[in-house]
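Welcome! Here is a friendly walk through one protein, topic by topic. Take a look at the sequence and structure first, then read on.

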Amino acid sequence: MSRPASLLVLATLGTFLTAPGEAAIPRHLERLLAEPSAWGRNTLAALSPVQTGVTAARSAGDILAVYYDPSDALAFRVSLVAPVGITDGRAYFEMNDYRVAVLLEEGNGASQSLPAPLLGRAPFAYNRVLILDSRGASMTDAHASGRASPVASDHATSHLDRGWMAAAIEPGDQAPTRALVISYSPQGEELDRILVPLGAQLLPSGTTNVAFMHHGNQGLAYSDVFAGRPGAEASSGFDEILRVHEQKNIPGNFHLSALLQSSAEWNKQNGDPLDFNGWLRTGVTAGWAGMITSAYGQPIMPFMQGAMNDWAISRDHAMVQARYSYDPNVAWVPERVFLDPATYPNAGVIDWSGGHWQANGVGAVILDDSPHCQGHNKHQIHFLQGNGLRIIPRDGDFTGKLHTGDGQGALNILVNEANSGAGQYRITVYADDWEMAAEVAGWQNTFPNALETYLWMIDKCAVESAWLSTWKLDPALTNSNFNGDTFTPTYGTYGGIGDVNGYGGNNNAWYTDWAGYVPYVTGGNGNGTYSGSGGNGKNHGQLWNDAHASLQSAPNNKIRETGW
């Protein structure tokens, strides 16, 4: 005969219900019920594909992962995709009174019919059913009367705000071999299910990796990017991104453009209580911030002279190193443009994009998966043909889904990688302008749910750390598991500004239009052509070359530096 149905422990605050005189809860079990990080890799029993394109209410009952730890008792944890709405914060799981049933096969099952209000049959005869909901938990013994044994709601709490519930029960007569986990509504509508092997059959699900990178764009005067838009400081700004990485201790990769670095320093020296550069230094020291470099002034490098590109990379690298005590080995390519003078699209191109990084302390650059890495896995770190510069593909789909508020879709990319069988050899990289996730600089109108979705994803990385590892990009370069191919990238730009046809399309039409334009100051007629009088008729390209030649021949002092 099986033991009486009894629920020992309900998480998630670690409340332990015992009869008088019973021993206190073991520390390990207490941690399991209170801390998601206590569930190690060996406790992950199953990882379920995420339902995409469904309502927020449906996503609240979507099972993400099931964990099992029998070391002190039979401890179960069920992670859900979004029991609280990702963008609206509504408690859908609780307000709809959803529940999760864990049916246990323990060798001498009494019933195969699903417990009410569910209809149908389980794939095995089960012994006991553990029911988890927002108020607590109960357990039913299929051999007994079928009556549940509830736990008082004032002792039954859940971490639904962070997406998981857990409980521990006494072992039965035999160790469980399988579990069927079902989420459902009070009306008996099944929301999701997953069949989970346990015990000796436990086959831990896969793992995968992710990295997050933000590039803070230009600005030398007043800017609201650091602390957020006036009137919306609590729901926008670079600070919201830094804060979540700091609070959750999830590594992030950050580049503050050289001009923004100077702006932040100016703010600090003029009484701003937010020392943004100091905050980044603190993150470097604490280990949750990795710094990225780029090119000073964010020039569109293929159209610049090589000497200018060398100077811009060197200055940005030196500023990051000096200001944050971090030697950056990874760079954000300005405008994400990678071109070659000898390869279409090459109009106006005078410098090869791969030629100056390594000489200035940079071993890797972040490029778009499309078009630059077409035909190569976007979740590996590759090598540039010829000089070995590392190429880190930016996953445009993953990045875009986070911007548009499709957190479920972004999470599903990571789950699919983990379940692919090669997840440990893959890294998914989010990378874009910091302003987008921070909902500043006008991006709040284009992506009104970007910040909420990003904050949710970072918390998911913290809660699901047993299968989802988050990386700084510098150490990722040294992990041979991520090594990919050696190839020459497809030249061009990201799709929004021209794709394989270059900057502005039609063989870099934006650049050639600008370079050939004669401004008013040199006698232009307002249409970009020379009027025939009142100036020397030089176009923008010629004026730039004149300025460059003058700077090259000027004494190397601070005035020349300012000119650069």
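Let's start with a pair of charged side chains: lysine 401 and aspartate 406 form a salt bridge, and their closest N and O atoms are 3.7 Å apart. Lysine 401 is partly exposed, with a relative accessible area of 22%, and aspartate 406 is also partly exposed, at 25%. Elsewhere, salt bridges that share partners link Arg27, Glu30, Arg31 and Glu35 into one network. Please keep in mind that this is a predicted model.

**How confident is the prediction?**

- The mean pLDDT of the protein is 91, and 92% of its residues reach 70 or more.
- Over residues 1–7, however, the pLDDT is below 50, and this stretch has 23 contacts in the model beyond near neighbours in sequence.
- Residues 9–23 also have a pLDDT under 50, and for them the model has 44 contacts beyond four places in sequence.

- Side chains of opposite charge can pair when their charged atoms come close.
- The structure holds 26 salt bridges.
- One of them joins arginine 281 to aspartate 275, with the closest N and O atoms 3.8 Å apart.
- Arginine 281 is partly exposed, with a relative accessible area of 30%, and aspartate 275 is partly exposed at 23%.
- Another salt bridge brings together the side chains of aspartate 395 and lysine 378, at 3.4 Å from N to O.
- Aspartate 395 lies in the loop between β20 and α8 (396–403), while lysine 378 lies in the loop between β18 and β19, so this pair ties together parts that are 17 residues apart in sequence.
- Aspartate 395 counts as buried because its relative accessibility is 0%, whereas lysine 378 is partly exposed at 27%.

**A buried charge without a salt bridge**

- Which strand holds aspartate 433? This residue is found in β21, which covers residues 427–433.
- Aspartate 433 is buried yet has no salt bridge.
- Leaving aside neighbours within four places in sequence, aspartate 433 is in contact with His215, Asn217 and Trp332.

- Why can β18 be called largely enclosed by the rest of the structure? Five of its five residues are buried.
- Ala364, Ile366 and Asp368 point one way from β18, Val365 and Leu367 point the other way, and all are buried.
- Strand β17 (residues 330–332) runs parallel to β18, and three bridges join the two.
- Across that pairing, alanine 331 has valine 365 in β18 as its bridge partner.
- Strand β20 (residues 390–394) also runs parallel to β18, and five bridges join this pair.
- Here valine 365 stands opposite isoleucine 391 in β20.

**Backbone details to look for**

- The peptide bond from alanine 116 to proline 117 is cis, with omega near 5 degrees.
- Proline 117 sits in the loop between β6 (111–113) and β7 (121–126).
- Serine 370 and proline 371 are also joined by a cis peptide bond, with omega of about 10 degrees.
- You can find proline 371 in the loop between β18 (364–368) and β19 (381–384).
- Alanine 441 is not a glycine, yet has a positive phi of about 60 degrees.
- Where is alanine 441? Its place is in the loop between α10 (434–438) and α11 (443–446).
- Alanine 441 is exposed, with a relative accessible area of 56%.
- Asparagine 507, a residue other than glycine, has a positive phi near 60 degrees.
- Asparagine 507 lies in the loop between β23 (483–487) and α14 (509–515).

**Cysteines**

- How many disulfides are counted? The count comes to zero.
- Cysteine 373 counts as buried, with 2% relative accessibility.
- Cysteine 461 counts as buried too, with 1% relative accessibility.

Terms used. Residues are numbered from 1 along each chain as its sequence is written. This is a predicted model: local features need pLDDT of at least 70, side-chain atom pairs count only at pLDDT 80 or more; totals for chains, interfaces and linings use all residues. Side-chain values use heavy atoms; hydrogens and water are left out. pLDDT is the predictor's confidence in each residue, from 0 to 100. Contact means heavy atoms within 4.5 Å. Helices (H or I, at least four residues) and strands (E, at least two) are DSSP runs, numbered from the N terminus. Buried means under 20% relative accessible area, exposed over 50%, partly exposed in between (1.4 Å probe, protein chains only). Two strands pair if DSSP finds at least two bridges between them. Lys and Arg count as positive and Asp and Glu as negative; His and the chain ends are not counted. A salt bridge is a side-chain nitrogen of Lys or Arg within 4 Å of a carboxyl oxygen of Asp or Glu. A disulfide is a pair of cysteine sulfur atoms within 2.5 Å.
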